[in-house]
Amino acid sequence: MRILPVLAALAAAACSRRTFVGDQVLRITPSDQEQVALLRLLDQQTDPEVNYWRHPTTLGHPADLLVPSSSLQEVKDFLEHHNISSCIMIEDLQKLLDEESKTMREARRTKRSSSSSTFDFGSYHTMEEIYSWMDALVEDHPTLVSKIQLGQSYEGRPLYVLKFSTGGSNRSAIWLDTGIHSREWITQAVGIWTASKIATGYRQDPSLTAVLDSMDIFLEIITNPDGFAFTHSSDRLWRKTRSLSAGSHCVGVDLNRNWAAGFGGSGSSSDPCSELYRGPYAHSEREVQAIVDFIRGHGNVKSVVSIHSYSQMLLFPYGYKTAPAPDHQELNEVAKKAVSDLAAVFGTKYSYGSIAQTIYIAAGTTIDWAYESGVRYSFTFELRDSGRHGFLLPSNQIIPTATETWPALLDIMVHALEHPY
Amino acid sequence: MEELPPSHYPAGRAAAVAAAFIRYRHGGPGRGLALGAIRSACREDIAAAGCKYHLELVLQDIHDKDSAVNCTAEVLYPLGNKNTAPDVQFTLEGELRNTDEADGVFYNRIKSLDKELMAKNIPDSQGNIPPELEPIHLLAGAASGYVICQNSTENTNFQLAQIKHVKQVKRSDEYLQFDYVILLHEMVSQEIIPWEMTVTWHPRHGVQVSQDSRQPQSA
């Protein structure tokens, strides 16, 4: 005979909330009407405080009786004295409750952890799928991963950041972002894979473990959600935000020209119809302002890595001017090593150098702002490929790209760890 | 003559122009050539003519991962008049893989179609190209090489982003004709530029772009 989930039965019996350690449920089988009457009387007494889960009604139908541990002996004596046969259905109610809770928790976790670790990392996903996966990741790694909301996009979408932390209070931190240009789909995909790698790699990978034991990692996977939604619904090659400009029919600001570092200079545009439109003023875009507020408020970010595609490059400041950054030599050395470790995986060749020398002059970029805000180890990746597929990188290259980029990311993180400032 | 770091953008842009032109001359439905590496680059200012880049490049056959074709190229960007295309001269070292068989198969397949071939969004959003459309994509890569070369300056870097639309046009002669609308990605301005091109091809005569015109961009 199946026992109803005990929790449901308790609700039906309207027991007051308390623990049930040692309490038992007895199944009692009255053999005549006299015994039935006796059993009914038992219920009406306030002492012992027993409770029928199934009332004694007629002969041939057993009654189920919840007996608190303090009254067990008394009730058993009573039943024995009147020759009423009974058996123990539940030996310790609290134990059963605990086991049931655990099973339910595990069932929920299995249902979702099979989606956190068995997520199809080798495909491109929608925003809903990515957000759902992020929740699963947090649920599967509750002591390491949490989700923060920085703010909202222009169209009101949440700006979510995953926080990886092993504790401490306002530890020095590394910031990673992907998808700031929505059409660069390989970057959000690499962001997902990397988040999973960080979550599952703690205590497995010695370098990552060393980083996480002292530092926190923040990762914003969908940095431009309005643009990303638009690449799915309307224009796969959309780059900017979806903010409206007064006096223009054109839409969107280039988030990587909207930062207050050389804002307004060469390599950015004042024309709302341009792909390089810088916006009406620095930090005009909510998506940028949210990150600015977060990093400034945090006060202890030591590295910013902003991930783009394509061109196969690892870049550092400056973009807005050709003059070398004060830390040019050190940043160049870090980039050189990272690019070498990346190439060691599958032979993919990256070039490296400052933005202005390597790719073009660009004013108002993320990493120029970060660097001038005091974040020394600021880098931008331009991931695969070098032009053959460009933004439309085949999904079968997602995992190889993420796999080869990982050691380069780790190099930067380890360098930040080993060179505190 | 000024030596240029191969990993910096001036060499990169000139190399992209050279690679585009070489694709036009040697690419086709059976062969895709990609820029593998820039071994060296120098820039020479030529009085009254323009700016000439001397390049040593390594090209790769898309279908042969281990292939490496060395190549020297010169790209002369003309002074002043930005409407004049750069001039490209090149020499390939060694032989390119023979594509006669693949070309013949493609040629016969298209010639024997009842209805004109028509397709759009190659690659699709996920970056995938159906195998039977791969030669159409490679042909666009070769033809776009011409358009790219014709429209390049020292301040541009074009790549073929996507075939938006392609339609075969049946001809009475032995040539195959495809009318393409492609999207070019210009990396310096980051613009996506639609471009119409009429492409003819024959296994023995190679690729020709008979007409091409830049289309208005959407907001």
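**Figure 1. Helices α7 and α13 of chain A cross in this predicted model.** The axes of α7 (residues 206-214) and α13 (residues 398-418) of chain A come within 10 Å and cross at roughly 45°. That angle makes α7(A) oblique to α13(A). The crossing of α7(A) past α13(A) is left-handed. From α7(A), the contact takes A:Ser207, A:Leu208, A:Ala210, A:Val211 and A:Ser214. From α13(A), A:Trp406, A:Leu410, A:Met413, A:Val414 and A:Leu417 take part. Eight residues of this contact are nonpolar, two are polar and none is charged.

**Figure 2. Helix α10 of chain A packs against α13(A).** Helix α10 spans residues 328-346 of chain A. Its axis lies 8 Å from that of α13(A), at an angle of about 150°. Angles over 145 degrees count as roughly antiparallel, and α10(A) and α13(A) are therefore roughly antiparallel to each other. Their crossing is right-handed. On the α10(A) side, the contact holds A:Glu330, A:Val334, A:Lys337, A:Ala338, A:Asp341, A:Leu342, A:Val345 and A:Phe346. On the α13(A) side, the partners are A:Pro400, A:Thr403, A:Glu404, A:Thr405, A:Pro407, A:Ala408, A:Asp411, A:Ile412 and A:His415. By class, nine residues of the contact between α10(A) and α13(A) are nonpolar, three are polar and five are charged.

**Figure 3. Helices α5 and α6 of chain A pack at a distance of 11 Å between axes.** Helix α5 covers residues 127-140 of chain A, and helix α6 covers residues 185-201. The angle between them is about 5°. That makes α5(A) roughly parallel to α6(A). A:Ile130, A:Trp133 and A:Leu137 form the α5(A) side of the contact. They meet A:Ile192, A:Ala195, A:Ser196 and A:Ala199 of α6(A). Six of the contact residues are nonpolar, one is polar and none is charged.

**Figure 4. Domains 1 and 2 of chain B meet at an interface.** Domain 1 of chain B runs over residues 2-93, and domain 2 of chain B over residues 99-214. Their centres, taken over C-alpha atoms, are 21 Å apart. Domain 1 of chain B brings 24 residues to the contact, and domain 2 of chain B brings 28 residues. About 2100 Å² is buried between these two domains. Carbon and sulfur atoms give 62% of that area. In domain 1 of chain B, the residues that lose the most area to domain 2 of chain B are B:Arg13, B:Tyr24 and B:Pro29. Together they account for 38% of what the domain 1 side buries.

**Figure 5. Chain A is divided into two domains.** Domain 1 of chain A covers residues 24-91. Domain 2 of chain A covers residues 117-418. Taken over C-alpha atoms, the centres of domain 1 of chain A and domain 2 of chain A are separated by 67 Å.

**Figure 6. A cis peptide bond links A:Ser309 to A:Tyr310.** Omega of this bond is near 0°. A:Tyr310 sits in the loop between β9 (301-309) and β10 (313-316) of chain A.

**Figure 7. B:Ile122 and B:Pro123 are joined by a cis peptide bond.** Here omega is about -5°. The loop that holds B:Pro123 runs between β6 (118-122) and α3 (134-150) of chain B.

**Figure 8. A:His283 has a positive phi.** Its phi is near 65°, in a residue other than glycine. A:His283 is placed in the loop between α8 (225-233) and α9 (286-298) of chain A.

Definitions and conventions: Residues numbered from 1 in each chain as written. Chains lettered and ligands numbered in written order. Predicted model: local features only at pLDDT ≥ 70, side-chain atom pairs only at ≥ 80, totals over all residues. Heavy atoms only, no water. Axes fitted to C-alpha atoms, helices over the stretch in contact; angles between N-to-C directions. Helix = DSSP H or I, 4+ residues; strand = E, 2+ residues; numbered from the N terminus. Parallel < 35°, antiparallel > 145°, perpendicular 65-115°, else oblique. Left-handed = near helix turned anticlockwise from the far one by under 90°. Contact = heavy atoms within 4.5 Å. Nonpolar A, V, L, I, M, F, W, Y, C, P; charged D, E, K, R; others polar. Domains from an automatic or database assignment. Buried area = accessible area lost by both parts, 1.4 Å probe.
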